[in-house]
Amino acid sequence: MALINPHINFNGNAEEAFTFYKSVFGGEFAKVIRFKDLAGPEFPVAEKEENKIMHIALPIGKHNMLMANDVPESLGKTNENENRSKIVINAESKEEADKLFNGLSGGGQIEGPIGDSPWGSYFGCFRDKYGIEWIVEFDPNYNENT
């Protein structure tokens with residue numbers, strides 16, 4: 001089965017956002033590439049953008065990777081208020097769901113408080129302080145082997 005790994009564009013604060021995500025999920029960055037790491041005659045990089053993130057990856061759980069980059073100013077700004085795709089986290093317990101929801105939503109805007117949903121799962125959604133939309137869910141009836 002193919003894996004889905006979310007990739008997020010940031011306007012110069014990818015490293016800050018990923019340091020925050022790392023503080024919630026734990027682990028270590030699998031890769032950090034700055035624009036200056038790729039700079040050369042074929043790929044000139046403005047001095048003000050050389051330390052920005054070309055690619056960053058944070059493993060989440062056993063099989064998932066959260067990835068991102070900063071968008072160079074020459075390509076324009078990413079609309080941080082657009083309706084981005086949501087990142088869905090399927091927690092293994094209510095306790096894990098609470099921990100992730102409370103950690104990631106800190107400083108953000110809660111759109112749906114975490115709690116029991118009408119469809120039988122433990123569910124909450126929010127936009128984090130970087131404008132990224134998340135859903136955290138624990139479904140006690142979900143069996144990943146079916």
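**View 1. Ile 89 stands opposite Val 136 of strand S8.** Here S5 (residues 87–90) and S8 (residues 133–138) run parallel, joined by 4 bridges. Strands pair if DSSP finds at least two bridges between them, and a strand is a DSSP run (E, at least two residues), numbered from the N terminus. This is a predicted model: local features need pLDDT of at least 70, side-chain atom pairs count only at pLDDT 80 or more, and totals for chains, interfaces and linings use all residues. Residues are numbered from 1 along each chain as its sequence is written, and side-chain values use heavy atoms, leaving out hydrogens and water.

**View 2. Strand S5 has two faces.** Ile 87 and Ile 89 sit on the covered face, while Val 88 and Asn 90 sit on the uncovered one. In a regular strand, side chains alternate between the two faces of the sheet.

**View 3. Four strands line up as S1-S4-S3-S2 in an open sheet.** The pairing is mixed. S1 (7–10) and S2 (31–34) are at the edges with a single partner strand each, so one side of each has no neighbour in the sheet.

**View 4. Zoom in on S2 and S3, an antiparallel pair with 4 bridges.** Look for Lys 31: its bridge partner in S3 is Ala 57.

**View 5. Met 54 has its place in strand S3 (residues 53–60).** Is Met 54 buried or partly exposed? Met 54 counts as partly exposed because its relative accessibility is 30%; buried means under 20% relative accessible area, exposed over 50%, and partly exposed in between (1.4 Å probe, protein chains only).
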